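Hi,

Here is the structure I promised to pass on. Have a look at it first, and then read my notes below.

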Amino acid sequence: PIFPISRTAFEDVYKKSLKGFYFQRCGIPLLSQHAGVYARQICHVSDGVFHSSTGKSGSKVTTGGWHDAGDYGKYTVNAGITVGTLLFGYELFPSKFAYDDLNIPESGNGVPDLLDEVRFELEWLLTMQDSTDGGVYHKLTTAQFDGFEMPSMDVATRYIYQKSSTATGDFAGMTAQAARVYAPFDTAFAGRCLAAARAAWNYLQANPSIVPGGGFTNPAGTNTGEYGDGTDSDERLWAAAELFGTTGDSAYSTYFENHYTEGGLINYAMGWQNLRTFAQLTYLFGHQTGASAAVRTQLQNALVSLCNSLVGTASQDGLNVALSTGDYYWGSNSVALNNAVLLICGYTLTSNQNYYTTALQQLNYILGCNGPRTSYVTGVGVIHP
């Protein structure tokens, strides 16, 4: 195969990966000038009938956002890790995410396309908050998974399901983070995000135990993604870390410092159900002068220890993959790439070249240095005979 060797060799991978979110957009038509052969009609223009589990009747405008990975539902909880990671990457390396030429409707507006795309999801998320108490609804889906058809053909009633503290914590983390990231581009939007984050935090304070009791479960008659979680402590910690990072208010740092050791320190890759590591990274890489130097030192030491462990795991693997046996489950590529994020974070703090090399090896694994010699990114790489 012919392949480029340059400092921009992965630019195409980046652009295609980010544009993948555009193709997940809900509530708008995808026009041919942006979507090419994947152009499609508008979908889900009637989102938002309250499910009986909410105790409410009627409807709410909740259009927009991204479809989920494998269905047309929209889920607050697993938006958290996605929005959080994209904004975290932008905060760490703004110059590397400055592209404004992705050929999405907002391209060329002077705002990095990554932020334009994430904002499309955030605008939907803001509709999922209950303005009366700050709580956030868990998801928006049909009662049953849709069949294999174009999204415009999915015309079944789409329900807003009850509020949950995991969704509210994720929402508070995302909107608090967005408040500082978008401030240089749109102060009004940043202000909306911060007000929403504070309201969500107030809901969490008013409801110190997990909501609903035991964690969210699908009500009878519903068979769509549940994204249940028996604990909301990690979502609450992330909310506190992001609100502190944006505001510097001591109430948020006090909460974080009182709870950050629960569940260990940076000991596993983050994911939609594990925001604790992400919360700790947010505090470690934050710029607030009121942060505890001692806590940051602890977190950095924990990150270095985990990075050393990941390097060791990869060095014992024939394909240099930093996954243990138990990490190969549905969606295991996300574990490999989140491990790479951790290694990049470790390299940023220490300049340890082993962390950089091992992070790159995880990307190589995704792009074809694997058993079946197959690139796991659609449209990237070559097909071997």
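At what angle do helix α9 and helix α10 pack, and how far apart are their axes? Helix α9 (residues 276-285) meets helix α10 (residues 293-315) at about 125°, and their axes are 9 Å apart. That makes α9 oblique to α10, since angles under 35 degrees count as roughly parallel, over 145 as roughly antiparallel, 65 to 115 as roughly perpendicular and the rest as oblique. Axes here are lines fitted to C-alpha atoms, for helices over the stretch in contact, and angles run from 0 to 180 degrees between N-to-C directions.

Before going on, a word on where this comes from. This is a predicted model, in which local features need pLDDT of at least 70 and side-chain atom pairs count only at pLDDT 80 or more, while totals for chains, interfaces and linings use all residues. Residues are numbered from 1 along each chain as its sequence is written, and side-chain values use heavy atoms, with hydrogens and water left out. Helices (H or I, at least four residues) and strands (E, at least two) are DSSP runs, numbered from the N terminus.

Back to that first pair. The crossing of α9 and α10 is left-handed, meaning that the near helix is turned anticlockwise from the far one by less than a right angle (clockwise would be right-handed). On the α9 side, the contact (heavy atoms within 4.5 Å) is made by Gln-280, Leu-281, Tyr-283, Leu-284 and Phe-285, and on the α10 side by Val-295, Arg-296, Leu-299, Gln-300 and Leu-303. Sorted by class, that is 7 nonpolar, 2 polar and 1 charged residues. For the classes, Ala, Val, Leu, Ile, Met, Phe, Trp, Tyr, Cys and Pro count as nonpolar, Asp, Glu, Lys and Arg as charged, and the others, Gly among them, as polar.

The other pair I looked at is α1 with α4. The axes of helix α1 (residues 11-22) and α4 come within 9 Å and cross at roughly 25°, so these two are roughly parallel to each other. Their crossing is left-handed. Tyr-14, Leu-18, Phe-21 and Tyr-22 of α1 meet Asp-113, Leu-114 and Glu-117 of α4. This contact has 5 nonpolar, no polar and 2 charged residues.

The expected span is 1.5 Å times one less than the number of residues. Helix α4 is mostly covered, with 13 of its 15 residues buried. Buried means under 20% relative accessible area, exposed over 50%, and partly exposed in between (1.4 Å probe, protein chains only).

Helix α7 also has 15 residues, and it reaches 21 Å from its first C-alpha to its last, close to the 21 Å expected. It is mostly covered too, with 11 of its 15 residues buried. Among the buried ones are Asp-234, Glu-235, Arg-236, Trp-238 and Glu-242. What covers the buried residues of α7 includes α3, α5 (165-181), α6, α8 (250-259) and α9. After α7 comes Gly-248, with a positive phi near 75°.

Now some spots in the loops:

- Val-211 and Pro-212 are joined by a cis peptide bond, with omega about -10°. Pro-212 sits in the loop between α6 (187-206) and α7 (233-247).
- Asn-103, in the loop between α3 (76-92) and α4, has a positive phi of about 65° although it is not a glycine. It is partly exposed, at 34% relative accessible area.
- Asn-320, in the loop between α10 and α11 (332-350), also has a positive phi of about 65° without being a glycine. At 30% relative accessibility, Asn-320 counts as partly exposed.
- Thr-157 lies in the loop between β3 (139-141) and β4 (159-160) and is partly exposed at 38%. Thr-157 and Val-49 are 108 residues apart in sequence, yet 7.2 Å apart in space, C-alpha to C-alpha. Leaving out residues up to four places away in sequence, Thr-157 touches Val-49, Thr-141, Thr-142 and Ala-143.
- Pro-184 is in the loop between α5 and α6 and is exposed, with a relative accessible area of 65%.

Cheers
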